[in-house]
Amino acid sequence: MLKKHPLAVFVAVALSPLNSTAATNPTEPVDEVYVVEGHQARFKANSNETAMRMDVSQLETAGQVAVMDQTLIQEQNATTLGDVLVNDASIGVGGTDRNREIFMLRGFELDTGTGYLRNGQQQWSYYRHPVELMERVEVLKGPAGLLYGKSAPGGLVNMVTKRPTAAFQASISQKVGTNDYQHTVADASGSLNQSGTLRGRMVLSKQSEGSSRRYLDGSEPELDRQIAGLMLDYDITPDTQLSLHYDRVIDDSNSDNGANIINGKPQLGSQFIWEAPWSFMDIDVENYGVDIVSQLTPDWKVKAGYNRQDYERHYHEGFGYRGEGKNNTYDPATQTFEYFAMDRHDNWVLDTAYADITGKFDANQINHQVLVGMNGLRNDYVGQRYFYKDKTDNDKDDAPLIAQIGGAYPEPDIRYQDKEPRNPDATYSTGIYAQDLMTLNPQWQVLAGLRYDREENETDTYYNLLPKAAVMYHPTPEQTLYVTYSESFEPKNPVDSNNDINDGMALDPVKGKLYELGYKQALLNDQALFSAAVFQIEQENIIVTETISKDISRTTQLGKQIHKGVELNLGGQVTDSWSLHSSATYLHARTEDPFDPKHDGKQPADTPEWGASIWSRYDVDNQTYVNLGARYVGDRYGDTKNTYHKPGYTTVNAGVGHTVQTGERSDLKLTVNVKNLFNEDYLAGGVQNKTTLGEERKVVVGASLQF
């Protein structure tokens with residue numbers, strides 16, 4: 001049985017409800033709030049865009065939504081989505097092989113194509129998202145099928161981008177740190193005409209970094225990442241606004257897919273990289289689109305938008321075979337191991353669109369706040385894979401490729417196609433939804449919604465009805481007690497792997513159901529928000545890919561997963577000088593499969609039972625602040641069979657910032673951040689032969705000129 005860590009107990013105690021003296025009335029809708037330091041309590045979000053797609057407060061939202069704002073992102077020197085999401089204990093971290101980030105939410109993996117949103121529209125997420133463009137990150141917990149269609153039952157992550165401002169503001173920052181880390185960001189925003197009806201914002205970023213890990217020839221992997229974003233807002237009329245956006249991410253880096261863990265230790269040491277020194281991953285992503293918002297009347301508003309994401313990836317990789325038993329090809333006598341080489345080109349194009357009408361009216365002494373809308377998604381893909389063999393071999397089934405420790409990692413030059421160029425039919429998803437938030441009186445609110453969803457892929461067409469219902473009770477204006485029910489729906493393409501014995505097999509949709517009881521309370525004169533939830537999520541038709549041998553796998557659908565948990569969250573300003581963002585979670589997640597004892601009763605991979613996270617800021621004076629934070633991740637398994645165990649760990653982070661006034665309208669902000677202060681040695685996410693090792697102590701020094 002897993003034990004409770006002292007940090008989890010500490011955070012749980014810290015999250016006990018505090019007394020509150022005043023708060024806003026939860027029955028009164030509020031406008032969208034963009035977090036700006038000094039305008040509201042730090043680390044506390046009054047509203048969110050994700051959960052309801054309407055202008056409602058957190059106290060009117062029948063579900064748990066964690067919000068990480070710009071202040072938190074900047075103070076922690078976050079450069080990836082993973083750096084941001086560690087602030088929510090309900091997020092589990094998977095592997096980072098092939099330069100992507102994998103996350104679990106309430107124990108369910110977030111799907112690459114449907115688990116992430118940008119400004120409420122789906123984003124393909126097989127790359128490191130540009131945090132530099134984000135105003136905040138919202139984590140919606142629980143099935144979101146009503147408003148977003150196909151998605152996992154654990155929830156969604158929505159990345160809200162920065163917006164142009166009417167007043168001129170600009171900043172340029174430079175940070176340097178451990179392992180040749182360098183990061184430059186320029187951000188300028190303001191009105192582009194005298195009347196202020198046209199506003200623009202441009203963000204530019206360049207990041208480079210090395211590593212403490214080494215390839216077999218002694219060289220180190222390198223990262224070179226460039227980001228550019230342009231946002232325009234134009235007031236067509238005082239009540240109608242048109243927004244345009246474009247951004248591009250170029251991410252070129254060497255491959256490091258993680259360590260091979262034998263008896264709890266990395267084989268050949270924590271510094272050794274199994275990939276070839278010539279391996280690389282080049283990614284080029286463009287996003288562009290348009291949104292329009294029109295306030296038709298004081299009570300009715302229409303919003304519509306379109307976005308295209310064009311994602312191109314090329315990776316050239318030499319990958320060493322490693323693992324337990326027969327999959328471990330390393331020979332200590334000769335210091336050699338087998339490897340394969342692959343060259344792959346991929347291009348995904350994701351088109352998304354939506355149209356929402358929101359409004360409110362009274363009928364039979366009941367206030368109705370309604371949403372009627374539709375959204376659609378079109379996903380195109382074309383790609384080709386090539387495998388390599390040694391130039392001296394003419395038969396692809398001949399002797400394996402061999403790498404020598406301290407010597408050569410040959411780059412073969414004869415390749416053969418894995419399959420014909422892959423160009424499946426496009427996938428189409430369309431949904432129509434309606435939602436009604438009914439205020440019966442100041443104490444009671446009822447939410448009811450229904451979605452009709454259609455998904456068409458290369459082999460099948462699926463239809464589904466997704467309901468959602470909730471009841472909220474407000475004992476006082478600053479308290480909310482709620483119960484909610486919602487569903488999720490995930491159509492799946494057939495198995496597509498020539499190494500899978502079920503290649504081509506059709507897969508049934510994966511479905512989920514949520515039952516949740518929760519509580520929210522505004523605290524300390526509305527300067528902080530406490531929330532808690534008890535939930536159960538049931539998911540059917542789970543997909544599992546099992547490795548049978550080095551070259552053979554098998555994909556099947558298991559019976560069911562049941563996840564039961566408790567979550568606690570507290571964020572805001574405790575005093576004028578002290579602010580915090582904290583969360584704690586307990587999750588009992590198990591698989592039920594009476595037909596396969598290898599999976600029945602097992603815990604999902606990279607899903608700890610206990611977790612906690614806390615980040616605090618103390619303002620010494622108006623110019624200086626200090627930060628201290630910690631994250632605890634409990635014991636967990638690295639595979640679905642629970643044969644690979646990872647012990648729990650705690651990391652501590654710290655920082656300090658000081659602002660110097662350099663002119664009448666300019667400030668120089670100096671910062672120092674230390675990640676993993678005590679240099680904790682730990683195993684992060686990923687399977688046994690691709691385990692991401694915890695990042696060593698990292699020190700970053702920065703200077704930012706703001707004017």
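This is a predicted model: local features need pLDDT of at least 70, side-chain atom pairs count only at pLDDT 80 or more; totals for chains, interfaces and linings use all residues.

Biologist: How many helices and strands does the protein chain have?

Modeller: The chain has four helices and 38 strands. Of its 707 residues, 55% count as buried.

Biologist: How many bridges join strand S22 to strand S23?

Modeller: Start with the general idea. In a regular strand, side chains alternate between the two faces of the sheet. Now the case here. S22 (residues 427-439) and S23 (residues 444-456) run antiparallel, joined by 12 bridges. A hairpin of four residues connects S22 to S23.

Biologist: Now the rings. How many aromatic pairs are there in the whole structure?

Modeller: A search finds 21. Planes under 30 degrees apart count as stacked. Tyr-452 and Tyr-463 have planes at 25 degrees and centres 6.4 Å apart, so this pair is stacked. Tyr-452 is in strand S23 and Tyr-463 in strand S24, 11 residues apart.

Biologist: Is Tyr-452 buried, partly exposed or exposed?

Modeller: Buried means under 20% and exposed means over 50%. Tyr-452 has 40% relative accessibility, so it counts as partly exposed.

Biologist: What are the distance and angle for Tyr-649 and Tyr-682?

Modeller: Their centres are 4.0 Å apart, with 15 degrees between the planes, a stacked pair. Tyr-649 lies in strand S36 and Tyr-682 in the loop between S37 and S38, so the pair ties together parts 33 residues apart in sequence. Both tyrosines, Tyr-649 and Tyr-682, are buried.

Biologist: Which charged residue sits over the ring of Tyr-181?

Modeller: That is Lys-698, with its charged end 4.2 Å from the ring centre. Likewise, Arg-313 lies over the face of Tyr-126, 4.5 Å from the ring centre.

Conventions. Residues are numbered from 1 along each chain as its sequence is written. Side-chain values use heavy atoms; hydrogens and water are left out. Helices (H or I, at least four residues) and strands (E, at least two) are DSSP runs, numbered from the N terminus. Buried means under 20% relative accessible area, exposed over 50%, partly exposed in between (1.4 Å probe, protein chains only). Two strands pair if DSSP finds at least two bridges between them. Rings of Phe, Tyr and Trp (its six-membered ring) pair if their centres lie within 6.5 Å; planes under 30 degrees apart count as stacked, over 60 as edge-to-face and the rest as tilted. A charge sits over a ring if NZ of Lys or CZ of Arg is within 6 Å of the ring centre and within 35 degrees of the ring normal.
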